[in-house]
Amino acid sequence: MPSYTVTVATGSQWFAGTDDYIYLSLVGSAGCSEKHLLDKPFYNDFERGAVDSYDVTVDEELGEIQLVRIEKRKYWLNDDWYLKYITLKTPHGDYIEFPCYRWITGDVEVVLRDGRAKLARDDQIHILKQHRRKELETRQKQYRWMEWNPGFPLSIDAKCHKDLPRDIQFDSEKGVDFVLNYSKAMENLFINRFMHMFQSSWNDFADFEKIFVKISNTISERVMNHWQEDLMFGYQFLNGCNPVLIRRCTELPEKLPVTTEMVECSLERQLSLEQEVQQGNIFIVDFELLDGIDANKTDPCTLQFLAAPICLLYKNLANKIVPIAIQLNQIPGDENPIFLPSDAKYDWLLAKIWVRSSDFHVHQTITHLLRTHLVSEVFGIAMYRQLPAVHPIFKANATGGGGHVQMVQRAMKDLTYASLCFPEAIKARGMESKEDIPYYFYRDDGLLVWEAIRTFTAEVVDIYYEGDQVVEEDPELQDFVNDVYVYGMRGRKSSGFPKSVKSREQLSEYLTVVIFTASAQHAAVNFGQYDWCSWIPNAPPTMRAPPPTAKGVVTIEQIVDTLPDRGRSCWHLGAVWALSQFQENELFLGMYPEEHFIEKPVKEAMARFRKNLEAIVSVIAERNKKKQLPYYYLSPDRIPNSVAI
């Protein structure tokens, strides 16, 4: 009688193993096998990290194996199981791989196909078409869209973590890692002793060092030592946590009535301000988004305040970016002065602190939350709903207070497809010239990584789609793209998101947007948070007094009383430390331990992708050797494969 060798691999993450009964049956072109219990006497099957083999004998020849059915039944209590893959050795000596890489929960049957990627048009056999349809029907019941807040991208219908489908819940290790990182920060920083003084102010700037010096690194220490300097202030708009706001100023806005006479001491080329604008030497960061946003009122004991500043910056003769004028609110007037570097020291310093605080709010809510986490969630849900596991695009995808709500709702109008295409976003802000702006490492490294991803996606697309017509006629792909447009972008034509893709080139770009957003863009705006935000005066998460309305009255005592109190400073520091840490089991860009693809051409494309990424790592490392402030957030060996959505 024909005999098959079945090899079963269990995941290595916490609680991946199971004591439940596991049954297997084979479905072939010539018949189906009986259900076989996979069990070895005196042996603990399916332990975490185990690879177990079993001999399965069938009564008659089954023909070409099309499906493997796995059935899990309760032994004592339901025991979830993470199945990586099953390998089948046929009686003829052939090996067939059946990837799974998902959790199997409860008493269920899971049906697996072999690892060859297939478009819908490739499935001509009824049982395979039926399997494909049922998988999507099941997924669409599990992954349901829900409106979190009016105007937001739709998100997954889940009120808490345990409501999520098991496959997209945090690994136990990741949840524990964040808690441990936060606790470690609180302990190592020795800041718990300040928590009972929650609403008391620090005494002076040096007082902040009490919660800073226990954990330090090159960049954060340099920020602490140089944060008051204009060069450090300007540099952060290029290479800090939020390097996406600065744009070349092509015309001075009427709402910022700054004149040459005001800033002439900052201009180094003997030109008027208007001439400097014409020559491309003036840049602007406008926090108009914050105008009229309600400040956080969750703590009745502490008033909190927001501003909506406009900051004008200048490229000096050394090609460095420095601030030359700051107006703290949008409407000019006597009580909204334009602060200048020539003003009194503390006037100018407090104006810069207000800009840094505003930048912190926009970074956390828009640049980080909306434009990486929420957007990646849209891509992820649409993928699960519309692409079966056998689809090549599913296999290639790497993802998985009231004022904040107002900010996201406003920012949605600027969330466009073009703004997620990295080269276009850089060009739209007038920041593309390496010659004119030589120290914009976020741009330089981002373009390298974008191109590496685009080359990889183009190769994979060309393997499975031999022409543009095949792309256009792939119903599952078109449903995926349409889901993103209709539910994620709420059907807004102004978003520029396509309702469909019509060519291989367009599909490659679309996939590059998905992968880059969930990996590189998130890395660029997340993992520098401790570097740039741990020195509290450089990135205040809250301000406890309103912006100044006159010059010549600011004192050091007033600044310290405006900055966060001791308790909020401690909480903030612990949070940015924890958020900036990699997980112990982190997978970085180009690492694909889950072998969804089994075809040689795709594996070769993946190998070339990794080689390209390694070359980028070397380029960035060589540049950083010469830098007092190294920029490494977009080095591929520091870019996790995907944001945790």
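I begin with a working rule: two strands pair if DSSP finds at least two bridges between them, and strands themselves are DSSP runs of E with at least two residues, numbered from the N terminus.

**Ground rules.** I note that this is a predicted model, in which local features need pLDDT of at least 70 and side-chain atom pairs count only at pLDDT 80 or more, while totals for chains, interfaces and linings use all residues. Residues are numbered from 1 along each chain as its sequence is written, and side-chain values use heavy atoms, with hydrogens and water left out.

**Strand S6.** I looked up S6, residues 65-73, and found seven of its nine residues buried, where buried means under 20% relative accessible area, exposed means over 50%, and partly exposed lies in between (1.4 Å probe, protein chains only).

**Partners of S6.** I then asked which strands S6 pairs with. Strand S2, residues 21-28, pairs with S6 in the antiparallel sense over eight bridges, and in this pairing I found Leu26 standing opposite Val68 of S6. Strand S9, residues 108-113, also runs antiparallel to S6 and is joined to it by six bridges; here Lys72 has Val108 in S9 as its bridge partner.

**Positive phi angles.** I looked next at Phe15, which is not a glycine and yet has a positive phi of about 60°. Phe15 is found in the loop between strand S1 (3-10) and S2, and it is exposed, with a relative accessible area of 59%.

I also checked Tyr101, another residue other than glycine, whose phi is positive and near 50°. Tyr101 is found in strand S8, residues 95-104, and is buried, with a relative accessible area of 11%.

Note on methods. Helix = DSSP H or I, 4+ residues; strand = E, 2+ residues; numbered from the N terminus.
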